[in-house]
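Please look through the structure shown here and follow the account given after it.

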Amino acid sequence: MPSFVRFCFALSLLTACAPTDREGSALANAATPESSTGGSVIETVRMDTADSDTVGANRSQMLAANGDQPGIVSMSVAPVAADSAAAQRVPNEYGRIPVVEYHLVDSTDGTYKVSRERFRAELDTLYARGYRPISLAEMLDKKIDLPRGMSPVLFIFDDASPSQFRYVERDGQLTVDPTSALGLWMDFAKDKPDWRNRGLFCLLSGAEAGRSFFGNKGIEGQKSEWRFPKLQQLDSMGFELCNHTLWHARLDKYDNAFVQEQIARGELAIDSAIPGYKVRGFALPLGMWPKTRELAWKGSWTDPKSKRELRYNYDAVFEVAGGPTRSPYDPNFNPRSISRIPLGKGMPLFPTLRQLEKEGPGGRYVSDGDASKVAGSP
Ligand SMILES: [Zn+2]
């Protein structure tokens with residue numbers, strides 16, 4: 001591991017961790033390409049985090065999109081009222097869809113972090129308010145099929161930290177840690193047949209601090225050999241996998257070749273875990289577009305060792321913020337710039353849900369219960 005590779009995730013060290021271009025190109029050379037046989041990503045390197053100015057800009061955007069009401073994390077809605085509320089909602093399948101964005105799920109709220117209690121409360125709130133998880137494929141393919149009066153929500157988990165998906169090992173058996181986000185989700189869903197396992201995990205495969213397919217090298221008790229089984233388990237449960245680059249490089253800072261290598265190697269790692277997996281979505285690290293915008297969804301990279309060329313071509317690109325996204329039936333829906341709702345300290349869900357309750361443009365997508373028709377008008 002090169003000496004300049006540093007633990008860099010702690011946001012309190014943002015300025016110190018902001019990489020220079022020199023380091024970036026050195027890292028590109030230092031990184032170990034996968035083998036031609038589809039070998040896994042072995043080496044992990046540090047994540048690019050934003051410099052302080054960029055974080056300021058992003059947080060401003062986030063707060064503008066969500067309102068700054070850190071004290072409000074959830075709302076209680078009487079379950080009895082849920083059915084009648086659904087019946088009263090006017091179908092509008094041109095309405096907006098919340099794409100909620102989680103990073104760490106931990107003991108407390110923080111920057112890019114929500115507490116476990118808050119995560120659970122937000123699941124409760126969304127459920128009580130008539131939101132149901134959909135997949136990215138359902139959105140992109142315009143196959144959202146929910147009961148009348150219900151609304152879609154797309155869950156996205158970024159950065160592949162152990163806090164999202166941890167295993168615990170007992171007597172040689174691996175089980176999902178009930179305190180990880182996936183464990184909390186499973187417990188929440190167990191008595192709710194209308195809450196399906198749908199959502200997207202936007203993965204890093206070679207970043208430091210355990211951000212390598214949910215943990216490696218013993219970080220938070222996670223073994224490197226559990227990484228591929230975790231991806232396979234998510235896939236078999238009904239969740240989808242999304243690329244978030246190899247180690248979270250800020251794509252605006254690098255040249256076109258480096259950008260494509262970061263993205264292609266992220267995809268190659270997913271393919272190593274699940275051969276042939278069709279990745280349809282890409283999340284921009286820190287919301288930063290590469291200088292050549294198109295490279296976020298389409299490009300190629302040739303492994304210098306094997307001479308194998310890997311091409312990528314994504315249907316969806318996710319921004320880091322921007323509020324509820326347009327319905328796929330909306331003529332102005334742009335799948336290569338899907339806005340999201342980042343959740344963390346100072347970035348509550350409540351203002352977004354309140355915004356979605358208003359009637360007219362900007363109001364929530366409400367299903368008519370008939371998958372063959374599109375209710376409402378653009
Ligand atoms: Zn990220």
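The paragraphs below go from the whole chain to its core, then to selected elements and loops.

The model is a predicted one. Its chain carries 10 helices and 14 strands, and 46% of the 378 residues count as buried. Among contacts between residues at least 6 apart in sequence, 73% join residues at least 24 apart.

The largest nonpolar core has 82 residues, and those touching the most other members are Val-100, Leu-154, Ile-156, Phe-201, Leu-203 and Cys-242. Helix α9 (residues 256–273) gives the most to this core, contributing 7 residues. Leaving aside residues up to four places away in sequence, Val-100 touches Val-153, Phe-155 and Ile-156, as well as Ile-341, Leu-343 and Leu-349.

Strand β8 (residues 200–203) pairs with β9 in the parallel sense over 4 bridges, and Leu-203 stands opposite Asn-243 in β9. The two strands and helix α8 (residues 227–237) make a right-handed β-α-β unit. Strand β9 (residues 240–243) is covered on both faces: Glu-240 and Cys-242 are buried on one side, Leu-241 and Asn-243 on the other.

The buried residues of α5 are Arg-118, Phe-119, Glu-122, Leu-123, Leu-126 and Tyr-127. Just after α5 comes Gly-130, with a positive phi of about 85 degrees.

Positive phi also turns up in residues other than glycine. Most residues other than glycine have a negative phi. Ala-160 is not a glycine, yet has a positive phi of about 55 degrees. Ala-160 is found in the loop between β5 and β6 (167–170). Ala-160 counts as buried because 26 C-beta neighbours lie inside 10 Å, where the cut-off is 20 or more.

With 26 other C-beta atoms within 10 Å, His-248 is buried.

Notes: Residues are numbered from 1 along each chain as its sequence is written. This is a predicted model: local features need pLDDT of at least 70, side-chain atom pairs count only at pLDDT 80 or more; totals for chains, interfaces and linings use all residues. A residue is buried if 20 or more other C-beta atoms lie within 10 Å of its own, exposed if 12 or fewer, and partly exposed in between; C-beta atoms are placed from the backbone. Two residues are in contact if their C-beta atoms, placed from the backbone, lie within 7 Å. Two strands pair if DSSP finds at least two bridges between them. A crossover is right-handed if, with the strands pointing away from the viewer, the path from the first strand over the helix to the second runs clockwise. A nonpolar core is a set of buried Ala, Val, Leu, Ile, Met, Phe, Trp, Tyr and Cys residues joined through C-beta atoms within 7 Å.
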